[in-house]
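What follows is a report on one protein structure, written for a reader who is meeting it here. The sequence and the structure come before the description.

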Amino acid sequence: MSEQESSSDEIMSSEEEEQQQKEGFSYWNLKDVERGQLPPHIRKQGARVQCKPDAPTNTETLQYSGSYAAMGVDNSLRLDPFRENFRIKVIALDKDKMEFDMIGIDAAVANAFRRVLISEVPTMAIEKVFIANNTSVIQDEVLAHRLGLIPLKVDPRLFEYLSANDTPNEKNTIVLKLHARCNQGQPRHTVYSQELKWLPNGSEFAKESEKPDSKPSTYTSFSCSQDSQPEFAGNPISTMEDIIVAKLGPGQEIELEAHAVKGMGKTHAKWSPVGTAWYRMFPEVVLLDKIEGEDAEELMRKCPSGVFDIEDAGNGKKRTKVADSRACTLCRECIRGDEWENRVSLHRVKDHFICK
């Protein structure tokens with residue numbers, strides 16, 4: 001039994017829910033509740049979304065802090081209880097994606113976290129592209145836009161923001177170089193993102209000066225090489241591999257410099273650290289009855305997500321168990337058909353969110 005299934009016992013046990021399903025709910029059957037506490041059915045309505053075959057119920061959340069004032073219950077949002085109950089549990093993490101659970105928060109707060117991930121987490125992205133030669137079929141502005149969307153493998157905390165009055169230097173700018181060519185008589189050449197090479201000493205392109213006798217200068221003013229800094233020792237800056245930048249035909253060539261700076265997604269999507277960020281309420285599957293024999297086999301076949309499994313109940317009998325309620329997509333196939341709604345109950349936990 002999972003952590004979330006065991007916590008559901010505090011709200012209403014499966015036996016109580018099964019009894020209500022059979023006898024029908026009645027307020028006259030409720031037990032006396034001490035002042036300062038809520039009846040089990042009220043607590044369940046506030047903590048769970050009940051998923052019926054046609055539509056979910058109890059989907060609303062209480063925003064008014066005095067909803068249960070007459071019962072001596074304060075349901076207002078306070079910082080100390082929030083800090084005690086809020087938890088983040090990382091489920092899966094690799095270089096391309098992350099899955100984690102946020103427990104003990106409201107849907108509005110979960111959505112705020114999602115929006116922060118999309119628009120307010122700083123990253124490094126290519127902002128300026130200096131093109132020396134481009135004879136490919138891709139226009140300069142389209143090529144620059146494609147380069148800006150290539151993710152860079154670098155920690156943005158190592159760099160400062162570049163304002164309009166700042167000079168590009170080793171602390172606020174990353175310079176990358178791309179020079180690709182398809183010679184005559186050769187097949188078409190595909191240019192990939194890994195062909196962007198890091199220039200730790202800064203720009204190599206000389207600025208055009210209005211004074212012919214002036215000393216030539218580049219587009220950056222690096223006082224030292226970036227690879228001499230301990231942060232980049234043995235950890236060179238690179239891009240995500242195998243992203244197609246352009247395709248060159250015979251005789252076509254691209255030569256350019258790309259300057260990356262620090263920014264946030266609310267300024268432009270190229271600085272957003274996530275491709276997609278979404279969440280859903282944690283699914284909870286409760287068996288209201290012992291499902292054995294052929295019914296257990298049927299229920300297992302009905303679920304396309306593999307939520308249920310069959311265990312040995314002894315004496316040669318097979319019984320259904322909930323193996324992975326997290327995999328439930330709420331397709332409701334398990335509660336469709338004769339009497340299945342009275343044997344299986346589907347919920348969504350209102351303060352537990354799966355984030356990807």
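Two strands are said to pair if DSSP finds at least two bridges between them, where strands (E, at least two residues) and helices (H or I, at least four residues) are DSSP runs, numbered from the N terminus. This is a predicted model, in which local features need pLDDT of at least 70 and side-chain atom pairs count only at pLDDT 80 or more, while totals for chains, interfaces and linings use all residues. Residues are numbered from 1 along each chain as its sequence is written, and side-chain values use heavy atoms, with hydrogens and water left out.

The pairings are set out below.

| Pair | Bridges | Residues opposite each other |
|---|---|---|
| β5 and β12 (residues 253-263) | 10 | M124 and K262 |
| β7 (residues 174-181) and β12 | Eight | I174 and A260 |
| β7 and β9 | two | K177 and K197 |

Another helix, α5 (residues 107-119), has 13 residues and should span 18 Å at 1.5 Å a residue, which agrees with its end C-alpha atoms being 18 Å apart; the expected span is 1.5 Å times one less than the number of residues.

Spaces in the model are found on a 1 Å grid over the protein atoms alone: a cavity is a set of points where a 1.4 Å probe fits but cannot get out, a pocket is an open set with protein on both sides within 12 Å along at least five of seven lines, and lining residues have an atom within 4 Å of a point. The second largest pocket has a volume of about 1,400 Å³, a volume being the space filled by probe spheres set on the points, which are joined across faces, edges and corners. Of the 42 residues that line this pocket, K95, D96, T123, P273 and V274 are the closest to its centre. Helix α5 gives the most to the lining of the second largest pocket, with five residues.
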